[in-house]
Amino acid sequence: MSTDTKFVHLAWQREEKMLENVRYPMGSDATGNLSRLFGVYDEETGLALRGTFIISPEGKLLNSEVNFYNLGRNIDELMRKFKANLHLAKNTNKVCPSKWKDEGDKTLTPSAKLVGKVYEALK
Amino acid sequence: MEEVCCCLKVGQDVPDFSIETFEASKGDFGEISLETQKADRKWTILFFYPADFTFV
């Protein structure tokens, strides 16, 4: 998603070999309205900052990450968050700790018993 | 403190939106709307970047 038009998306995807395997839809936010809604529109340049947002099937915004122009995003961290969201959608009484990476890793079940005992629960 | 940001926050419902797309998988133009994504029970990842033909 950028403030380019769909025509420029087409031209870039066809020209740049790095993009030859792109399968996701490339969205055009030429008005900047969607970028403004998510708080990533830079009024001075007319460009969008590097924002990543995960929205649930119910339409709820669950994650938000924004980098300045000069720092690319890490796809492993995006996938970690996405997998965690899937896991948490199915296991609504659980929470995923910061080191959770994939299915099978330890989760926590918040309760009075767990207070002050996170270290032991994660051992 | 004065409220300076009126944008969405994590935990809020995203209002329906619709955008024009280039669908590289079909080599054609298309459209995506959050309403359709929700009706299809799909997750949505929005990935903003500054400009086509740039570098990172």
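## A:Arg80 and its helix

A:Arg80 is partly exposed: 18 other C-beta atoms lie within 10 Å of its own. In this predicted model, A:Arg80 sits in helix H3 of chain A. How far apart in space are A:Arg80 and A:Asn91, C-alpha to C-alpha? They are separated by 16 Å, and by 11 residues in sequence.

E4(A) and E5(A) are joined by 6 bridges in the antiparallel sense. Among the facing residues, A:Arg50 stands opposite A:Asn67 in E5(A), and A:Phe53 stands opposite A:Ser64 of that strand.

On to the chain B side. Here 4 bridges link E4(A) to strand E3 of chain B, residues 44–47, and the two run antiparallel. Within E3(B), B:Phe47 is the bridge partner of A:Thr52, while B:Thr44 is the bridge partner of A:Ile55.

How many of the 6 residues of E4(A) are buried? The count is 5, so this strand is largely enclosed by the rest of the structure.

The largest nonpolar core has 16 residues. Those with the most contacts inside it come from both chains: A:Phe38, A:Val40, A:Ala48, A:Phe53 and A:Ile55, joined by B:Leu46 and B:Phe48. E3 and E4 of chain A each supply at least two residues of this core, and E4(A) gives the largest share, 3 residues.

Setting aside neighbours within four places in sequence, A:Phe38 is in contact with A:Gly51 and A:Phe53 in chain A, and with B:Cys7, B:Leu8 and B:Leu46 in chain B.

Which residues of H1(A) are buried? They are A:Lys6, A:His9 and A:Trp12. Viewed down the helix axis, the buried residues of H1(A) fall within an arc of 120°, so they line one face of the helix. The face turned away from that buried side carries A:Arg14 and A:Glu15, which are exposed.

What do the buried residues of H1(A) pack against? Their partners are E1 of chain A and, from chain B, strand E1 (18–23) and strand E2 (28–33).

## Where the chains meet

Across the whole contact, chain A contributes 43 residues and chain B contributes 35 residues. On the side of chain A that touches chain B, the elements giving two or more residues are helix H1 (6–15), strand E1 (25–28), helix H2 (33–37), strand E3 (47–48), strand E4 (50–55) and strand E5 (61–67). By class, this side has 22 nonpolar, 14 polar and 7 charged residues.

## Chain B in outline

Chain B has 1 helix and 3 strands, and from the N terminus on its elements run β-β-α-β. Of the 56 residues in chain B, 20% are buried.

Definitions and conventions. Residues are numbered from 1 along each chain as its sequence is written. Chains are lettered from A and ligands numbered from 1 in the order in which they are written. This is a predicted model: local features need pLDDT of at least 70, side-chain atom pairs count only at pLDDT 80 or more; totals for chains, interfaces and linings use all residues. Two residues are in contact if their C-beta atoms, placed from the backbone, lie within 7 Å. Ala, Val, Leu, Ile, Met, Phe, Trp, Tyr, Cys and Pro count as nonpolar, Asp, Glu, Lys and Arg as charged, and the others, Gly among them, as polar. Two strands pair if DSSP finds at least two bridges between them. A residue is buried if 20 or more other C-beta atoms lie within 10 Å of its own, exposed if 12 or fewer, and partly exposed in between; C-beta atoms are placed from the backbone. The arc is that of the directions from the helix axis to the C-beta atoms. A nonpolar core is a set of buried Ala, Val, Leu, Ile, Met, Phe, Trp, Tyr and Cys residues joined through C-beta atoms within 7 Å.
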